[in-house]
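Hello,

Here is the structure you will be working with. Please open it alongside this note, and my findings follow below.

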Amino acid sequence: MPESLFTRKGALKVALVAGEASGDLLGAHLMAAIKARHGDVEFVGIGGPRMLAQGMHSVVPQERLAVRGYAEVLGRLPELLRIRANLRDALLAGRPDVFVGIDAPDFNLGLEKALKKKGVRTVHYVSPSVWAWRPERVGKIGDAADRVLCLFPMEPPLYEKVGVPVTFVGHPLASEIPLSPDSAAMREQLGLPVHAPVFALLPGSRVSEIDYMGELFVQTARLLHERYPDAQFLVPLATRATLDAFDKVLSRLKAWDLPIRKLFGHAQMAMIASDVVLVKSGTSTLEVALTKKPMVITYKLSWLTYRLVKRKLKLPWVGLPNILLGDSVVPELLQYDATSERLAEAVAALYDDEGARKKLIARFTALHESLKQDTAGLAADAVLEVAGC
């Protein structure tokens with residue numbers, strides 16, 4: 001890694017780190033908004049394909065930060081610590097005007113704290129889920145970040161209570177996704193039958209998630225296909241690595257006979273075209289809600305990670321739609337309840353109940369309207385303010 005990552009004299013120096021696909025989307029929108037407000041900007045750090053397309057120099061591939069769960073991180077810990085230490089040293093040598101850590105709190109907050117201690121201005125973009133577990137982190141996040149950017153309206157009061165500067169920016173997906181997506185037009189665009197059952201399967205954006213949950217999703221698809229012989233399945237996969245991992249699952253299960261259509265990216269297209277979505281817990285659940293689609297949320301972890309997480313949870317739900325609406329709006333089948341039989345039954349129940357689907361559309365529309373802000377613009381303004389521009 002070079003002594004300084006920045007190369008252009010006179011440019012505003014912005015460093016960013018996004019650890020996974022959802023952070024890459026936030027980072028790309030933020031970068032575009034900063035460029036619109038401050039033309040001469042140089043971006044360095046770690047990001048994915050969307051951030052690279054905005055002109056970022058990523059010092060390592062984003063995939064090297066994508067680690068799943070407590071137990072799984074242990075084997076990668078030396079590498080992750082080495083990446084963070086090298087990046088810290090390079091950023092201190094280059095002295096960015098501002099550092100933005102996008103989500104990935106386990107990686108970013110430690111880096112932010114080290115940079116802030118040396119006088120680098122820092123922003124943490126996406127509050128960790130302090131409302132769900134470990135609320136004592138609020139003060140520690142303030143020790144690391146000069147400003148926290150929050151996506152959800154219930155978060156700022158938690159930071160204001162302890163004097164941490166905070167800005168509510170809304171969620172970018174709420175501006176990106178139309179309030180009334182056109183499913184029929186999307187099916188036509190994808191060449192799908194108008195009236196056949198269409199199910200979207202979203203097993204995750206990381207190879208480790210495909211490895212851990214891919215078989216469960218494919219086995220669920222097989223049971224649904226037995227129940228609905230004309231069903232179609234859409235599987236959006238975020239990267240070439242996850243596409244290859246999913247192909248290995250299909251080969252292992254000898255499931256090439258299933259009517260599964262893989263999409264390289266295009267997760268929103270798959271959601272909009274579908275009748276029901278089977279989705280792993282995470283940011284994707286909010287995206288499904290914003291497309292106004294019924295869903296079944298699932299997730300499986302190693303037994304050790306599951307026990308550690310379960311003890312710390314403060315809410316009865318893990319899915320963002322249920323958390324944000326404060327109600328069991330969509331089913332969650334997690335860990336030992338996450339069997340192909342139960343998942344297929346839950347998906348089928350939603351597909352067969354038109355009344356339930358209409359009620360979900362109303363709830364999700366209200367949620368959509370509450371989150372719709374000029375997210376990228378508000379975030380860019382806050383970052384530039386922290387940078388002293």
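In α1, the residues H29, L30, A33, I34 and R37 meet A376, G377, A379, A380, D381, V383 and L384 of α17. Contact here means heavy atoms within 4.5 Å. Helices (H or I, at least four residues) and strands (E, at least two) are DSSP runs, numbered from the N terminus.

This is a predicted model: local features need pLDDT of at least 70, side-chain atom pairs count only at pLDDT 80 or more, and totals for chains, interfaces and linings use all residues. Residues are numbered from 1 along each chain as its sequence is written, and side-chain values use heavy atoms, with hydrogens and water left out.

**The α1/α17 crossing**

Helix α1 covers residues 21-37 and helix α17 residues 375-387. Their axes come within 8 Å and cross at roughly 65 degrees. Axes are lines fitted to C-alpha atoms, for helices over the stretch in contact, and angles run from 0 to 180 degrees between N-to-C directions. The crossing of α1 past α17 is right-handed.

Seven strands make an open sheet with parallel pairing. The order is β3-β2-β1-β4-β5-β6-β7. Two strands pair if DSSP finds at least two bridges between them. At the edges are β3 (57-58) and β7 (166-168), each pairing on one side only. Strands β4 (residues 98-102) and β5 (residues 122-125) pair in the parallel sense over four bridges. I102 has Y125 in β5 as its bridge partner. Helix α4 (residues 105-117) lies across β1 (12-18), β2 (41-46), β4 and β5. It runs at about 165 degrees to β5.

**Rings and charges**

There are four aromatic pairs in the structure. Rings of Phe, Tyr and Trp (its six-membered ring) pair if their centres lie within 6.5 Å; planes under 30 degrees apart count as stacked, over 60 as edge-to-face and the rest as tilted. One of the pairs is F199 with Y228, which is tilted: 5.8 Å centre to centre, with 45 degrees between the planes. F199 lies in strand β8 (residues 198-202) and Y228 in the loop between α9 (207-227) and β9 (232-237), so this pair ties together parts 29 residues apart in sequence. F199 is buried, at 1% relative accessible area. Y228 is buried too, at 9%. Buried means under 20% relative accessible area, exposed over 50%, and partly exposed in between (1.4 Å probe, protein chains only). Ring pairs link F199, Y228, F233 and Y351 into a cluster.

R357 lies over the face of Y351, at 5.9 Å from the ring centre. The charged end of K13 sits over the ring of F6, 5.7 Å from its centre. A charge sits over a ring if NZ of Lys or CZ of Arg is within 6 Å of the ring centre and within 35 degrees of the ring normal.

**I297**

I297 is in strand β12 (residues 295-299). It counts as buried because its relative accessibility is 0%. Beyond neighbours within four places in sequence, its contacts include V279, T285, P321 and L333.

**Positive phi**

K254 is not a glycine, yet its phi is positive, at about 50 degrees. It sits in the loop between α10 (240-252) and β10 (260-264), and K254 is exposed at 66% relative accessible area. Q335 also has a positive phi, near 50 degrees. Its loop runs between β13 (332-334) and α15 (340-352). Q335 is buried, at 6%.

Best wishes

Terms used
Left-handed = near helix turned anticlockwise from the far one by under 90°.
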